[in-house]
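Subject: Structure handover

Hello,

Please find the structure below, with notes on what was found in it. Have it open while you read, and look up each residue as it comes.

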Amino acid sequence: MRVLKEARRPFALFAVLCLVAFACVAFMTWMPGRPSKVLTRDLKPTEAATQIALRRHVDFLASAPRNRADNPEHEAATLDYIEQQLRGYGFAPQRFPVATADGEFSNIIVRIEGDTTPDEVVVLGAHWDTRGPTPGADDNASGVAALLELSKWIAQSKPPGRTLEIAFWANEEPPYFRTDAMGSLVHARRLRAENANVVWMLSLEMLGYYDPARGAQRYPTVISLFYPSHGAFVAFVGSMWHRGATTTPVSVMREKSDFPTYGFAGPPDMSGIGFSDHWSFWQAGYPATMVTDTSYYRTPHYHQFSDTPDTLDWDRYPRVVVALRPVVAHYAQFE
């Protein structure tokens, strides 16, 4: 009998470990609210207008590589284009230098002082550069275009209660990724040096590629058990140490929109979840998350010459951008 009991101990321990592991994964994947199903309705008028504007932005931005090594002329034209759009919305964008061994690059930032709690800061950002000579329609013209359209909507909205910083960052891509020359890291460190109270940061990273086919979506490790096999949803991805920075936007978007939305808040060093500019704000100790079409876990065009505007989903992409409005409104305290 004693031998039998001792033989059962490893199985009991294994069962306990399995339960703990399942609980940990469930903690990282559970999000409030219920996700909508795959959309079938037509575009609403606001979404249709946004579609036209997004297409114009992406067509220009992805017409050539947006980095100095491969196309310095289009890098300069990209910065001018972003500033021109922002000025057209009534903003006064500023360029902030980003020093590198290859010369000085620029972040473009708009700051809107809050009406009621100006000491609380919300940062919305997207990187404008591309990986090498690729056109970067999804990565990350889609994020830049989305941020431009959100900026236009912000300009037409009531003044925010909190201070907003809208940022277009340089140098997210290699060879500057996770170096001192990464534009978002320069920005985050400046805010930390100023003791800015950043209550939330959102990185708009690759928002245009969707595939409703079963099996189109891939995942790291075992978390695929908790998510759809299709790629017709958008995801908020963040750190388990600032879990509310992910659960809250998922909750708001599920409540206020009908676009399928999921979230994941995991270990910051887990592969893939820190592969954008929200990582920079984690380094400064700020709550930050990324909203994304899941990048290379879905699109076959990641960092390829095939990442062109015609590969984006021009039906779903504008819906996502419009669906992000109530999330921004919640954090900026427009309501």
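This is a predicted model: local features need pLDDT of at least 70, side-chain atom pairs count only at pLDDT 80 or more; totals for chains, interfaces and linings use all residues.

R178 lies in the loop between strand 4 and helix 5, and has a positive phi of about 60 degrees although it is not a glycine.

T294 is another residue that has a positive phi although it is not a glycine, here about 85 degrees. T294 sits in the loop between strand 8 and helix 8. With a relative accessibility of 13%, T294 counts as buried.

Two peptide bonds are cis. One joins P174 and P175, with omega at about 10 degrees; P175 belongs to the loop between strand 4 and helix 5. The other joins D139 and N140, with omega at about 5 degrees, and N140 is part of helix 4.

Next, the interior. In soluble globular proteins, nonpolar side chains tend to be buried together. Here the largest nonpolar core has 64 residues, and I154, F168, L204, L207 and Y317 have the most contacts inside it. Helix 4, residues 137-155, gives the most to this core: ten residues. Another core, of 31 residues, lies apart from the largest one and includes I109, L191, I273 and W282. As for L207, its contacts beyond four places in sequence include D138, S142, A146, V234, Y317 and L324.

Now to the strands. Strand 6 covers residues 234-239. Six of its six residues are buried, so strand 6 is largely enclosed by the rest of the structure. Which strands pair with it? Strand 7 pairs with strand 6 in the parallel sense over six bridges, while strand 8 pairs with strand 6 in the antiparallel sense over four bridges. To find these pairings on screen, look for V237, whose bridge partner in strand 7 is F264, and for S239, which stands opposite G266 in strand 7. On the strand 8 side, G238 has T289 as its bridge partner.

Strand 7, residues 261-266, is also largely enclosed by the rest of the structure, because six of its six residues are buried. T261, G263 and A265 point one way from the strand, and Y262, F264 and G266 point the other way.

Strand 6, helix 6 and strand 7 make a right-handed β-α-β unit. How far apart are the end C-alpha atoms of helix 6? They are 18 Å apart, which agrees with the 18 Å that its 13 residues should span at 1.5 Å a residue. Buried residues of helix 6 include A245, P249, V250 and M253. Among the elements that cover the buried residues of helix 6 are strand 5, strand 6, strand 7, strand 8, helix 8 and helix 9.

Last, a charged residue. R162 is found in strand 4, residues 162-169. Is R162 buried or exposed? At 15% relative accessibility, R162 counts as buried, because the cut-off is under 20%. The side chain of R162 reaches the backbone oxygen of Y331 at 2.9 Å. Beyond four places in sequence, the residues in contact with R162 include I112, E120, V199, Y331 and Q333.

Regards

How values were computed:
Residues are numbered from 1 along each chain as its sequence is written. Side-chain values use heavy atoms; hydrogens and water are left out. A nonpolar core is a set of buried Ala, Val, Leu, Ile, Met, Phe, Trp, Tyr and Cys residues joined through side-chain atoms within 4.5 Å. Buried means under 20% relative accessible area, exposed over 50%, partly exposed in between (1.4 Å probe, protein chains only). Helices (H or I, at least four residues) and strands (E, at least two) are DSSP runs, numbered from the N terminus. Contact means heavy atoms within 4.5 Å. Two strands pair if DSSP finds at least two bridges between them. A crossover is right-handed if, with the strands pointing away from the viewer, the path from the first strand over the helix to the second runs clockwise. The expected span of a helix is 1.5 Å times one less than its number of residues. A polar contact is a pair of N or O atoms within 3.5 Å; within protein, one must be able to donate a hydrogen and the other to accept it, and residues adjacent in sequence count only if both atoms are side-chain atoms.
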